[in-house]
Structure formats: structure tokens, C-alpha cells
Amino acid sequence: MIETILESIPFYLTILSTVCGGITAALVGGMAIWTFRDIRSRSRDVLAHILATLLVLALPIVGLIVYLMLRPHETLADAYERSLEQEALLQAIEEPEICPGCGQRVRGDYLYCPACHTRLKRACPACHHPLNLSWSLCPYCGTSVTPQVLEPVPASSPSSPTTAEEPAGEPGLESTA
Ligand SMILES: [Zn+2]
Ligand SMILES: [Zn+2]
């Protein structure tokens, strides 16, 4: 009885090692595929893709740990989103919303501050878009303009400049019942 058990031990060992080998191969393959996908979402460099995958294949667990320590912090999608946010922030900075003369909030397309009459922007002579005073070229139509320095307009000026702002009020609903 014991002899038959002892004889069958190598057989079971073979099965066990085969199963273990299969599981190990599947795990290493899975790790390699995961690494390849992960590095592809973080880098456009084909060499980095190959090196990271080979590293995990050559040193299954250690290679994966090393990869996790060294991989780029940001995914390409994150980096793209961040660049969009920075662009939006830059645009917000370029459009001043505070009057430099009195600190009152003004709209980005105001040519003059309605409170202190400081000249904020000027209209393009060709297309009448509001331009920053420091600009030397209209970004809307390409007309060259001479940059000007910020000068407060005296409040008592007889030819008081008026911005041709159309009142955005909605037409009154007059019901003649
Ligand atoms: Zn002002
Ligand atoms: Zn223009």
C-alpha cells in the first residue's frame, strides 16, 4: 500500500509542477500585458514600451516593482487635460476683469472703465474688436496698430468717450389687454 503511494509521488509532483508552471506563465504574461498597456498610456516612446515589457518579463515580480517606481507619473490623457487647463487659465489671465484704475470689476470687452473712465482697451480701427493697449497687432484681423500706454481719461472731458455697448436687456413684454 505504502509502496504504491511512494511510486505515485513523482507523478503527482509532475502534475503539481506543470500546474505551478502554467499559473506562473499566466501571471508573468498578464503582468507583461498590463505593463505594456500601462506604459503605452503614459509614453509615446516605442523603446520605453519594449524596455518596460522586457523588464517585467525578465524579472517578473521585481521588474514590475521597479517599473511601478520608475514609470511616468502622469498618463498622456492627464497631461493633455492639464495642458488644456493651463491654456484656459492663461486666457483668463490675458482678459483682465479688474480695472487697474479703481479695482472695479469690468467686462473683458469694455473699452473704458464705467466708474473711473480709465481706458482699458481700444477698438481695432478695422474690425472694432477690443484690443489690449499693449498689442501692436489686431489678433482678429491682422491690422497693425501702435501700442499705447495706459492713461486715465479725465472725467470732466467734454468729449466723454462712450462705449457703444448695446444694453443686453430683454425687450419688455407689453401685453395690451
Ligand atoms: Zn475703474
Ligand atoms: Zn481688427
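Residues are numbered from 1 along each chain as its sequence is written, and chains are lettered from A and ligands numbered from 1 in the order in which they are written. As the model is predicted, local features need pLDDT of at least 70 and side-chain atom pairs count only at pLDDT 80 or more, while totals for chains, interfaces and linings use all residues.

The protein chain contains four helices and two strands, where helices (H or I, at least four residues) and strands (E, at least two) are DSSP runs numbered from the N terminus. Along the sequence these elements follow the pattern α-α-α-α-β-β. Of the 177 residues in the chain, 8% are buried; a residue is buried if 20 or more other C-beta atoms lie within 10 Å of its own, exposed if 12 or fewer, and partly exposed in between, with C-beta atoms placed from the backbone. Among contacts (C-beta atoms, placed from the backbone, within 7 Å) with a separation of 6 or more, 28% join residues 24 or more positions apart.

Confidence is expressed as pLDDT, the predictor's confidence in each residue, from 0 to 100. The chain averages 82, and 81% of the residues score at least 70. Helix 2 has the highest mean, 93, and helix 4 (residues 76-94) the lowest, 84. Over residues 157-177, pLDDT stays under 50, and the model has five contacts beyond four places in sequence for this stretch.

Beyond its neighbours within four places in sequence, Ala32 is in contact with Thr53, Val56 and Leu57.

Helix 2 also meets helix 3 (residues 60-70): their axes come within 5 Å and cross at roughly 145°. Axes here are lines fitted to C-alpha atoms, for helices over the stretch in contact, and angles run from 0 to 180 degrees between N-to-C directions. Ala52, Leu55, Val56 and Ala58 of helix 2 face Pro60, Gly63, Leu64, Val66 and Tyr67 of helix 3. These residues comprise eight nonpolar, one polar and no charged.

Tyr140 lies in the segment after strand 2 (130-132). With 13 other C-beta atoms within 10 Å, Tyr140 is partly exposed. Leaving aside neighbours within four places in sequence, Tyr140 is in contact with Cys124, Cys127 and His129. Tyr140 and Cys127 are 13 residues apart in sequence, with their C-alpha atoms 7.6 Å apart.

Conventions: Contact = placed C-beta atoms within 7 Å. Nonpolar A, V, L, I, M, F, W, Y, C, P; charged D, E, K, R; others polar.
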